[in-house]
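Subject: Structure handover

Hi there,

Here is the structure I promised to pass on. Have a look at it first, and my notes follow below.

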Amino acid sequence: MANSFAALLVDALENSWPAVARPNQLPPSGTWWQIWLLLAGRGFGKTRTLAEWVCGQAASGQASRIALVAATAADARDVLVEGESGILAVAPPWCRPVYEPSKRRLTWPNGAIATTFSAEEPERLRGPQHDAAVCDELGAWSRPETWDMLQFGLRLGRNPRCLVATTPRPTRLIRELLAREGRDVVVTRGSTYENRANLAPGFFDQVIRKYEGTRLGRQELLAEVLEDTPGALWNRDALDQCRREHAPALLRGTLLLLKTLAFFKNDRTDIHLSNAIRPGG
Ligand SMILES: Nc1ncnc2c1ncn2[C@@H]1O[C@H](COP(=O)(O)OP(=O)(O)O)[C@@H](O)[C@H]1O
Ligand SMILES: [Mg+2]
């Protein structure tokens, strides 16, 4: 009896997150930082790091009102909560939350609550207050104002904190966070290669073959923040200045016409145009 208990304990400890995590997946030391920015390649273990951090915060009582924000509502549910490296998959048996999808809510046995949000719906974050938040794939968020709404509500407890894990697209938001490194932001970095042992060979073959040796590979695998291409006609600052919440009617009409033409020509331009015209935009 005692032996089987000891065996169970050893097994639990050997598989616990502190035992299996790589150092850059564990929370940075110190109490000075408010935002932990984890910039890492695809498959590094970013979502797993978010999920483990949330479980640790909830179980230890360090946070009891947690916001879980992903690029879309489906990502929040399918990846952050129910995904293979999401919260329900990594929560230890002795402290598992109950998930109520209709309320977008996880409740831990000690009363801690986490609520899912979509970055497409910033208004939902107007009002709720939190003492911790996680943001998955910030670089893919379509509406940067979601970040501002989240920050306004991050005001409960003594030291509200936010973990952002993303492949580093050079968006204005990510560049702003990097500029705050050492002040209230701590940055850790990692590459896809570090997690090779835990990735299916098929994934590795596909993703590596696609990106290795390319400029995009430096972003998607090595998590480098790419600056503008030398000699490019458009740079990011100029493009950021042109951003509008709603496209003017004439431009919208032109884009729709181009999109239709591209569709009939079976042209990949279609994909980019679709991104440019958001519903209601
Ligand atoms: N330190 C680790 N030890 C074991 N498995 C890990 C570790 N980090 C990540 N994984 C696993 O690697 C896979 C990819 O992780 P994921 O968090 O989905 O990557 P990302 O979000 O960076 O694309 C998942 O199966 C995850 O559980
Ligand atoms: Mg992920």
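A definition to begin with: I call two strands paired if DSSP finds at least two bridges between them. Helices (H or I, at least four residues) and strands (E, at least two) are DSSP runs, numbered from the N terminus. Please note that this is a predicted model, in which local features need pLDDT of at least 70, side-chain atom pairs count only at pLDDT 80 or more, and totals for chains, interfaces and linings use all residues. Residues are numbered from 1 along each chain as its sequence is written, while chains are lettered from A and ligands numbered from 1 in the order in which they are written.

Overall picture

The protein has twelve helices and eight strands. Its radius of gyration (taken over C-alpha atoms) is 21 Å, close to the 19 Å from the globule rule (2.2 Å times the number of residues to the power 0.38) for 281 residues, so the protein is as compact as a globular protein of that length. Along the principal axes, the C-alpha atoms fill a box of roughly 75 × 45 × 40 Å. There are two domains, with bounds from an automatic or database domain assignment: domain 1 covers 23-220 and domain 2 covers 244-276. Their C-alpha centres lie 32 Å apart.

Buried residues make up 30% of the 281. Here a residue is buried if 20 or more other C-beta atoms lie within 10 Å of its own, exposed if 12 or fewer, and partly exposed in between, with C-beta atoms placed from the backbone.

The sheet

In what order do the eight strands of the open sheet lie? The order is E3-E4-E5-E2-E6-E7-E1-E8, and the pairing is mixed. Strand E3 (98-100) and strand E8 (185-190) are the edge strands, each pairing on one side only. From one strand to the next the twist averages 15°, where axes are lines fitted to C-alpha atoms, for helices over the stretch in contact, and angles run from 0 to 180 degrees between N-to-C directions.

Strand E2 (residues 65-70) has parallel partners on both sides. Four bridges join E2 to strand E6 (residues 132-136), with Leu68 opposite Val134 and Val69 opposite Cys135. Six bridges link E2 to strand E5 (residues 113-118), also in parallel, and there Ala67 has Thr115 as its bridge partner. Six of the six residues of E2 are buried, so E2 is largely enclosed by the rest of the structure. Arg65, Ala67 and Val69 point one way, and Ile66, Leu68 and Ala70 the other.

Strand E7 (residues 161-166) is likewise largely enclosed, because six of its six residues are buried. Arg161, Leu163 and Ala165 lie on one side, with Cys162, Val164 and Thr166 on the other. Five bridges join E7 to E6 in parallel, and Ala133 is paired there with Cys162. Five bridges also join E7 to strand E1 (residues 35-40), again parallel, where Leu39 stands opposite Thr166.

The ligand

Which residues come nearest to ligand 1? They are Gly45, Lys46, Thr47, Arg48 and Asn198, out of 17 around it; a residue counts as near if its C-beta atom, placed from the backbone, lies within 6 Å of the molecule or strand in question. Helix H3 (residues 46-60) gives the largest share of this shell, three residues. By class, the shell has five nonpolar, seven polar and five charged residues. Ala, Val, Leu, Ile, Met, Phe, Trp, Tyr, Cys and Pro count as nonpolar, Asp, Glu, Lys and Arg as charged, and the others, Gly among them, as polar.

Best wishes
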